[in-house]
Amino acid sequence: MADLKLHGFWYSPFTFRVKWALKLKDIPFENIEEDRYNLSPQLLEYNPIYKRTPVLVHGGKPLCESMIIIEYIDQIWPHNPLLPTHSYERAIARFWIKYADDMTSAVGTLVLSRNGEEHVKALEKICEYLRVVENHCFSDGKRFFGGDTINIVDIAFGSIFEFLVVIEDNLQVKALEEEKFPRLHSWYNNFKNVPVIKENLPDHDKMVTLFKIFRQKLLESSK
């Protein structure tokens, strides 16, 4: 589909979201890999306010922010729906999407933590978020947030969890422990083993290596 282009970084959790949505709906698109440290003129033209990815360009018209993009995709291509059809359930889905995005700030604190004490504090905050999701989202034994199939909330949390696991391996810490969060742990395994997701996950070892470099640059810039 020549008129559908996705600007993003292969390692960005927010780019994951849009790629997964397009793949789940089997929508062809042109992937345009951006350089975080040297953004293309097109990207800056398409997103002059935030100057970041992902950006989806449909018929020459750009859209920014991952979850806004996914809602647009779901409206334009309604097959294999990602948002619930019922108004109340759709509102609840948006609530948990907001919660997932709020959780990114806690994950970001862990990224910028400099020592063991800061690691512990950041992990405690992340675990607070995980406990809420564990207790409120899977009490009825659902495989996914949407029930038996992946929906937009799975995509929102899945991208964060994938990035969180990379951080855990890099810093040698653990937030998503099976003993503490058995439902979430089971959900994450279900999610990442869905063929479309599994086939479109970034290489974990490359992610760990890249994150180490990325984190070092962030820490140096925050001194």
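Q172 lies in the loop between α6 and α7 (182-192). Helices (H or I, at least four residues) and strands (E, at least two) are DSSP runs, numbered from the N terminus. Q172 has a positive phi of about 55°, although this residue is not a glycine. At 74% relative accessibility, Q172 counts as exposed. Here, exposed means over 50% relative accessible area, buried means under 20%, and partly exposed lies in between (1.4 Å probe, protein chains only).

The model is predicted: local features need pLDDT of at least 70, side-chain atom pairs count only at pLDDT 80 or more, and totals for chains, interfaces and linings use all residues. Residues are numbered from 1 along each chain as its sequence is written, and side-chain values use heavy atoms, with hydrogens and water left out.

A positive phi is also found at E65, again not a glycine, with a value of about 75°. E65 sits in the loop between β4 (61-64) and α3. Its relative accessibility is 27%, so E65 counts as partly exposed. The bond runs from T53 to P54, with omega near 0°. P54 is placed in the loop between α2 (41-46) and β3 (55-58).

UniProt places the feature "domain: GST C-terminal" at residues 86-211, in an unreviewed entry. UniProt positions follow the numbering used here, feature names are shortened, and annotations may be inferred rather than shown by experiment. Over residues 86-211 the chain is 72% helix and 0% strand. The end C-alpha atoms of this stretch are 39 Å apart. D102 belongs to helix α4. D102 is partly exposed, with a relative accessible area of 28%. The C-alpha atoms of D102 and Y129 are separated by 9.0 Å, although the two residues are 27 residues apart along the chain.

The largest nonpolar core has 72 residues. Such a core is a set of buried Ala, Val, Leu, Ile, Met, Phe, Trp, Tyr and Cys residues joined through side-chain atoms within 4.5 Å. Within the largest core, M103, F157 and W187 have the most contacts. Helix α6 (residues 152-171) supplies the largest share of this core, 13 residues. F157 touches W96, Y99, A100, M103, V133, F145 and W187, leaving aside residues up to four places away in sequence. Contact means heavy atoms within 4.5 Å.

Pockets were examined next. Rolling a probe the size of a water molecule over the atoms shows where empty space is left. On a 1 Å grid over the protein atoms alone, a pocket is an open set of points where a 1.4 Å probe fits, with protein on both sides within 12 Å along at least five of seven lines; lining residues have an atom within 4 Å of a point. Grid points are joined across faces, edges and corners, and a volume is the space filled by probe spheres set on the points.

The largest pocket holds about 840 Å³ of space. Its lining has 34 residues, of which S12, P13, F14, R36 and F163 lie nearest the centre. α9 gives the most to this lining, with seven residues.

The second largest pocket has a volume of about 180 Å³. This pocket is lined by 13 residues, and I92, A93, W96, K142 and F145 lie nearest its centre. α4 and α5 (116-137) are the elements that give two or more residues to this lining. The most come from α4, with five residues.
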